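Look over the sequence and the fold before reading on. Then use this report as a guide.

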Amino acid sequence: HSHSPSPACVAVQRQPKASQLRSPAMAEPSADPAAYEVPTAKGSTFLGSANVDVRLPDDQWTSKLRPNVYKVLRQKATEPGHRTKFPEGFDDHKDAGVYFCAGCHAAGQKVPLYTSQMKFDCGCGWPGFWANVKDAVYEQRDADGRRCEILCSRCAGHLGHVFRGEGFGYCTDERHCVNSLSLVFVPKGGSDVIAPSYAGPVFG
């Protein structure tokens, strides 16, 4: 994810509407990409604000997540670029379906973050997306102030970074550079959850 500094993060301070508040009775999230809205207006974004309600003590995260997944999601590590081809990861993965948060999944929650319609081949060596499921991802400036980190709005798990102004031609002008290990995939039709098999080292 080593790139030049990104333009300023978009700070979003927005209270959820009553209709957006989650309840246990909500329907199961769809694995059909067509069920999810995508941004269409030039300069728009579906990044939201933190609404963290999936919390586990650290010893439970370490017991529920594989060591390298834990390091990425909870300690902000980065998997090696150009190493996570399917089935080790999702860099070159093109199947229709929905990408869910691996942290929330381990905690028993199904939280969709991205769909196959939002994915594109950006050539950066990690899975790239031009938008996220509305309000499912939020951003904050890295501690060193150089880049904008993206996180799951529900568990605050580290996903990767967002970059802007690169001219890929999408209305959001965003490239979400996401660690495969932060995600699990459910194919359209809702069959088994697919997790990346990469078991090697992660960095940072």
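**The model and its confidence**

This is a predicted model, in which local features need pLDDT of at least 70 and side-chain atom pairs count only at pLDDT 80 or more, while totals for chains, interfaces and linings use all residues. Residues are numbered from 1 along each chain as its sequence is written, and side-chain values use heavy atoms, with hydrogens and water left out.

The pLDDT is the predictor's confidence in each residue, from 0 to 100. The protein chain averages 90, and 87% of the residues score at least 70. Over residues 2-6 the pLDDT is below 50, and this stretch has 12 contacts in the model beyond near neighbours in sequence. Residues 12-25 also have pLDDT below 50; beyond near neighbours in sequence, that stretch has 12 contacts in the model. A contact means heavy atoms within 4.5 Å. Where pLDDT is low, the predicted coordinates should not be read in detail.

**The overall fold**

The protein chain has three helices and nine strands. These are DSSP runs, numbered from the N terminus: helices are H or I with at least four residues, strands are E with at least two. Along the sequence the pattern reads α-α-β-α-β-β-β-β-β-β-β-β.

Of the 204 residues, 49% count as buried. Buried means under 20% relative accessible area, exposed means over 50%, and partly exposed lies in between (1.4 Å probe, protein chains only). Among contacts with a separation of 6 or more, 66% come from residues 24 or more positions apart.

**Aromatic rings**

Rings of Phe, Tyr and Trp (its six-membered ring) pair if their centres lie within 6.5 Å; planes under 30 degrees apart count as stacked, over 60 as edge-to-face and the rest as tilted. By this rule there are nine aromatic pairs. Two of them are set out here.

| Pair | Type | Centre to centre | Angle between planes |
|---|---|---|---|
| Phe90 and Tyr99 | edge-to-face | 5.3 Å | 75 degrees |
| Phe120 and Tyr170 | tilted | 4.9 Å | 55 degrees |

Which parts does the pair of Phe120 and Tyr170 tie together? Phe120 lies in strand 3 (residues 119-120), and Tyr170 lies in the loop between strand 7 (158-164) and strand 8 (174-178), so the pair ties together parts that are 50 residues apart in sequence. Phe120 is buried at 9% relative accessible area. Tyr170 is partly exposed at 31%.

Phe90 is buried at 0% relative accessibility. Tyr99 is also buried, at 0%.

Not counting residues up to four places away in sequence, Ile194 touches Phe86, Phe90, Val184, Phe185 and Pro187. Ile194 lies in the segment after strand 9 (183-187) and is partly exposed at 25% relative accessibility.

**Empty spaces**

Rolling a probe the size of a water molecule over the atoms shows where empty space is left. On a 1 Å grid over the protein atoms alone, a cavity is a set of points where a 1.4 Å probe fits but cannot get out; a pocket is an open set with protein on both sides within 12 Å along at least five of seven lines; lining residues have an atom within 4 Å of a point.

The structure holds one cavity of 30 Å³ or more. About 40 Å³ of space lies in the largest cavity. Its lining includes Tyr170, Asp173 and Arg175.

The second largest pocket holds about 160 Å³. Its lining residues include Lys64, His105, Leu183 and Ala195. Helix 3 (102-106) and strand 9 each give two or more residues to this lining. Helix 3 gives the largest share, three residues.

**Backbone details**

Phe86 and Pro87 are joined by a cis peptide bond, with omega about 10 degrees. Pro87 sits in the loop between helix 2 (67-75) and strand 1 (97-101). Lys76 is found in the loop between helix 2 and strand 1. Its phi is positive, near 65 degrees, in a residue other than glycine.

Asp135 is not a glycine either, yet its phi is positive at about 65 degrees. Is Asp135 buried or exposed? Asp135 is buried, with a relative accessible area of 19%.

How values were computed
Points joined across faces, edges and corners; volume = space filled by probe spheres on them.
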